[in-house]
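Reader: I would like to learn how to read the features of a model such as this one. Please take them in turn.

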Amino acid sequence: MENLKLLSLLRDLEVIKSQQKLLDEQEAVYRAQILALMQDNGIEKESTDYGSVRLQSKQKKIYPKHIKELENQFKEARKLADDMGDYDKIIEGNILVYTAPSAPF
């Protein structure tokens, strides 16, 4: 009986995750359309009963070569520490990891 309940919950979860993926894709399309409309019409902020949108500048930071080298050294050191088990473990609890089937039902 427990396996049937688990199977039912997993089936429902797969449906939800599939819907989320479609909604994420639709959201990206709508965001791009809203952004284009706002830029084309010189609108920086708009508030409606359905929510508010505003344009926000995004900056890309370009660091000097020595900072990039330090970052790479840090990443290598962290990977080595992970590989060697040279870290303290902090257990924060359990989570459920869900992987969708390769082909939906």
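Author: Start with exposure: a residue is buried under 20% relative accessible area, exposed over 50%, and partly exposed in between (1.4 Å probe, protein chains only). At 39% relative accessibility, Glu27 therefore counts as partly exposed. This is a predicted model, in which local features need pLDDT of at least 70 and side-chain atom pairs count only at pLDDT 80 or more, while totals for chains, interfaces and linings use all residues. Residues are numbered from 1 along each chain as its sequence is written, and side-chain values use heavy atoms, with hydrogens and water left out.

Reader: What is the average pLDDT of the protein chain?

Author: pLDDT is the predictor's confidence in each residue, from 0 to 100. The protein chain averages 90, and 96% of the residues score at least 70. Helices (H or I, at least four residues) and strands (E, at least two) are DSSP runs, numbered from the N terminus. Among these elements, confidence is lowest in strand β1 (residues 45-48), at a mean of 90, and highest in α2, at 96.

Reader: How many residues does α1 have, and what does it reach from its first C-alpha to its last?

Author: For a helix, the expected span is 1.5 Å times one less than its number of residues. Helix α1 covers residues 2-40. With 39 residues, α1 reaches 56 Å from first to last C-alpha, close to the expected 57 Å. Helix α2 covers residues 65-84; its 20 residues reach 29 Å, close to the 28 Å expected.

Reader: Which residues take a positive phi just after α1 and just after α2?

Author: Just after α1 there is Gly42, with a positive phi of about 65 degrees. Just after α2 there is Gly85, with a positive phi of about 75 degrees.

Reader: How many salt bridges does the count come to?

Author: A salt bridge is a side-chain nitrogen of Lys or Arg within 4 Å of a carboxyl oxygen of Asp or Glu. By this rule the count comes to three.

Reader: Which residue forms a salt bridge with Glu27, and how far apart are the closest N and O atoms?

Author: The partner of Glu27 is Arg31, with the closest N and O atoms 2.9 Å apart. An α-helix has 3.6 residues a turn, so residues three or four places apart point the same way. Glu27 and Arg31 are four residues apart in helix α1, about one turn of the helix. Arg31 counts as exposed because its relative accessibility is 56%.

Reader: In which sense do β1 and β2 pair, and over how many bridges?

Author: Two strands pair if DSSP finds at least two bridges between them. β1 and β2 pair in the antiparallel sense over four bridges, and a hairpin of two residues joins β1 to β2. In β2, Gly51 is the bridge partner of Thr48, and Arg54 is the bridge partner of Lys45.

Reader: Which residues make the nonpolar surface patch?

Author: Patches are made of residues with over 30% relative accessible area and no salt bridge: like charges are joined within 9 Å, nonpolar side chains (Val, Leu, Ile, Met, Phe, Trp, Tyr) within 5 Å. Accessible areas come from the Shrake-Rupley method with a 1.4 Å probe; for residues, only the protein chains shown count as cover. Here Val29, Tyr30, Ile34 and Val53 make a nonpolar patch of about 350 Å². Helix α1 gives the largest share of this patch, three residues.

Reader: Where does Val53 lie, and is Val53 buried or partly exposed?

Author: Val53 lies in strand β2 (residues 51-54) and counts as partly exposed because its relative accessibility is 33%. Val53 and Leu35 are 18 residues apart in sequence and 9.1 Å apart in space, C-alpha to C-alpha.
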